[in-house]
Amino acid sequence: MPVLVMLGVLTAAGLLLVRGGQADGDLPARIVAAATAWLPARQRDWGHAMAAELAQVHGRAGRWRFAAGALRVALFPPSGRGRRVLAVALAGLLTSAAVTAATAAEIPDLAVSAAVLGLLLGGYATVRASRPHPPCRTVPGVMVAAVALAAVAAAIVSVARIAVAHPAAAADNTHVFAVLFAVALAGYLAVALSSSRGHAGAAQRQAERQAQRLAQRLAQRLAQRLAQRLALWWALAAALASGAIWTIIDLTTPLEPVGITGYLWPVGAAAVLAASVGAAATGSAGAGARAGLLTAVLSAPMHFAADLTALMQAGHYALTSPYDVAAFPHSGYPDVASYLLSDAMAGDVLVGLVVYPVVLFAVALFGASFVRGRSSSVTSMLR
Amino acid sequence: MTRARRPSPQTVAVLGALTEDPGRWRYGYDLCAELGIQAGSMYPILMRLADRGLLETCWEAEQAPGKPPRHLYRLTGTGRAYAASAVATAPSASPARTAAARPQLEGA
């Protein structure tokens, strides 16, 4: 039943996205529109210029080439900071290499995850450094960034504890789960840190105000900033509440294997729904979608860390399922603990860090569209 | 003190194209097609030129039905002087792609 619910939610969300795409043009047009939204505020007009030019480009290959160019401009807009970007990139590479070497020496089974995570975070830092006028942080923004960093750190520590205590449980010859784990955590951090920034500092806001000649556009931007802050507060409250409840339940109830049923536990979905509906009602549909996404991004590593910590607290591991009883002797694991922890970690990475947040984001889209969806498309929510 | 940097061959090509008819407003995609420069390189060049006050920009007043207004570009007075100097002092060995895409630059 939970699987059917999950498939239904994902299918409906996919249909919503497809409908949004049909309304807003082909995929290159949507890429350029998204890239435009990601440009710094003072360069946003250039994004609109590229979007307008794309309307003149005919032929699929040409449109894709143009969209790729627009994406490149959005990721690395000219800022005159070439040396700084190079320095950040080099520092990222060196840090990544050092962390990977240290991990390989201490916990060899986590070396791949450390390398991938280091490279991805270094890449993220390089992209951020290339952007002119880094946006300022607000109070809720700082709190969101702190919670995100703490949650990701907790997830890493929980895996490291298992890898140290039961090395066989963390062995991953295919490296699939190691890479998935690192990509998911880097993605969460990137989303949380990007969302936690305001669009402008006080001085830049003043300059923008002077530059904005139309009062209506100014009012819209101010409303967007207010909605963005509200979204951060909603997400923060919902994620902390969800994480706290999840942790209490995890640590006080008898240990059970975590599966899809566990991850579809109503509190997680309710928290995301509350954040998206609340932010949409008090701000905008976009704010609702962002609040829901951020709630999912903040709570997923919290739940992951809580689950693995609870598993580690168990002093005694026993095979309860007939399948496990039959499979364990042929699994190659040296003990039952390693067998069960390995299975739990793989399930937590795949379901808890990859599938579960996608389902929750679909829930967030529904929540936001429930309140304001009739007046704006899903695509505009994501901008 | 700011160090004057030599413009890249692609920037020189863009300046050369804009100098041909300095009073004419140009479209970004047309410049891309004319010079064989991808949008990912063309727009950063245009953005830098505009930031330095060498390029003026405006939005098209009359637009095609069903299409958004396009952004237009032409050199400012300072930009024309800079372009003349940059094109004149540019190394003769331009990148093959740019030179091939725009042979008239050779004679500039």
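How are α5(A) and α6(A) oriented to each other, roughly parallel or roughly antiparallel? The model is predicted. In it, helix α5 (residues 82-106) of chain A and helix α6 (residues 111-130) of chain A have axes that come within 8 Å and cross at roughly 165 degrees. The cut-off for roughly antiparallel is an angle over 145 degrees. α5(A) and α6(A) are therefore roughly antiparallel to each other. Their crossing is right-handed.

**The α5(A)–α6(A) contact**

From α5(A), the contributing residues include A:Arg84, A:Val85, A:Val88, A:Ala89, A:Gly92 and A:Leu93. A:Val99, A:Thr103 and A:Ala104 are also among them. On the α6(A) side, the residues include A:Ala111, A:Ala114, A:Ala115, A:Gly118, A:Leu119 and A:Gly122. By class, this contact has 12 nonpolar, 9 polar and 1 charged residues.

**Chain A overall**

Chain A has 17 helices and 0 strands. It holds 383 residues, of which 41% count as buried. Take the contacts in chain A between residues at least 6 apart in sequence: 82% of them join residues at least 24 apart.

**Helix packing compared**

| Helix pair | Angle between axes | Axis separation |
|---|---|---|
| α5(A) and α6(A) | roughly 165 degrees | within 8 Å |
| α7(A) and α9(A) | about 170 degrees | 9 Å |
| α1(B) and α4(B) | about 125 degrees | 9 Å |

Helix α7 (residues 139-165) of chain A packs against α9(A) at about 170 degrees. That angle makes α7(A) roughly antiparallel to α9(A). α7(A) brings A:Val144, A:Ala145, A:Ala148, A:Val152 and A:Ala155. They meet A:Leu185, A:Tyr188, A:Leu189, A:Ala192, A:Leu193 and A:Ser195 in α9(A). The contact of α7(A) with α9(A) has 10 nonpolar, 1 polar and no charged residues.

Chain B supplies the other pair. Helix α1 (residues 9-20) and helix α4 (residues 77-89) of chain B pack at an angle of about 125 degrees. α1(B) and α4(B) are therefore oblique to each other. The crossing of α1(B) past α4(B) is left-handed. B:Val12, B:Leu15, B:Gly16, B:Leu18 and B:Thr19 of α1(B) make the contact with B:Arg80, B:Ala83, B:Ala84, B:Ala86 and B:Val87 of α4(B). These residues divide into 7 nonpolar, 2 polar and 1 charged.

**A closer look at α9(A)**

Helix α9 (residues 176-195) of chain A has 20 residues. From first C-alpha to last, α9(A) reaches 28 Å, close to the 28 Å expected at 1.5 Å a residue. Buried residues in α9(A) include A:Phe177, A:Ala178, A:Phe181, A:Ala182, A:Leu185, A:Tyr188, A:Leu189 and A:Ala192. An α-helix has 3.6 residues a turn, so residues three or four places apart point the same way.

A:Leu180 also lies in α9 of chain A. Is A:Leu180 buried or partly exposed? A:Leu180 has 18 other C-beta atoms within 10 Å, so it is partly exposed. Being buried would take 20 or more. A:Leu180 and A:Leu350 are 170 residues apart in sequence, yet 7.6 Å apart in space, C-alpha to C-alpha. Leaving aside neighbours within four places in sequence, A:Leu180 is in contact with A:Val349, A:Leu350 and A:Val354.

The loop between α8 (167-170) and α9 of chain A holds A:His175. Phi of A:His175 is near 65 degrees, a positive value in a residue other than glycine. Most residues other than glycine have a negative phi. A:His175 is partly exposed, with 13 other C-beta atoms within 10 Å.

**Where the chains meet**

18 residues of chain A are in contact with 15 residues of chain B. On the chain A side, α3 (44-54) and α4 (60-75) each supply at least two residues. The largest share, 7 residues, comes from α4(A). The side of chain A that touches chain B divides into 12 nonpolar, 3 polar and 3 charged residues.

**One residue in chain B**

B:Arg48 is found in helix α3 (residues 39-51) of chain B. B:Arg48 counts as partly exposed, with 17 C-beta neighbours inside 10 Å. B:Arg48 and B:Thr11 lie 37 residues apart in sequence and 9.7 Å apart in space, C-alpha to C-alpha.

Methods. Residues numbered from 1 in each chain as written. Chains lettered and ligands numbered in written order. Predicted model: local features only at pLDDT ≥ 70, side-chain atom pairs only at ≥ 80, totals over all residues. Axes fitted to C-alpha atoms, helices over the stretch in contact; angles between N-to-C directions. Helix = DSSP H or I, 4+ residues; strand = E, 2+ residues; numbered from the N terminus. Parallel < 35°, antiparallel > 145°, perpendicular 65-115°, else oblique. Left-handed = near helix turned anticlockwise from the far one by under 90°. Contact = placed C-beta atoms within 7 Å. Nonpolar A, V, L, I, M, F, W, Y, C, P; charged D, E, K, R; others polar. Buried ≥ 20, exposed ≤ 12 C-beta atoms within 10 Å, placed from the backbone. Expected span 1.5 Å × (residues − 1).
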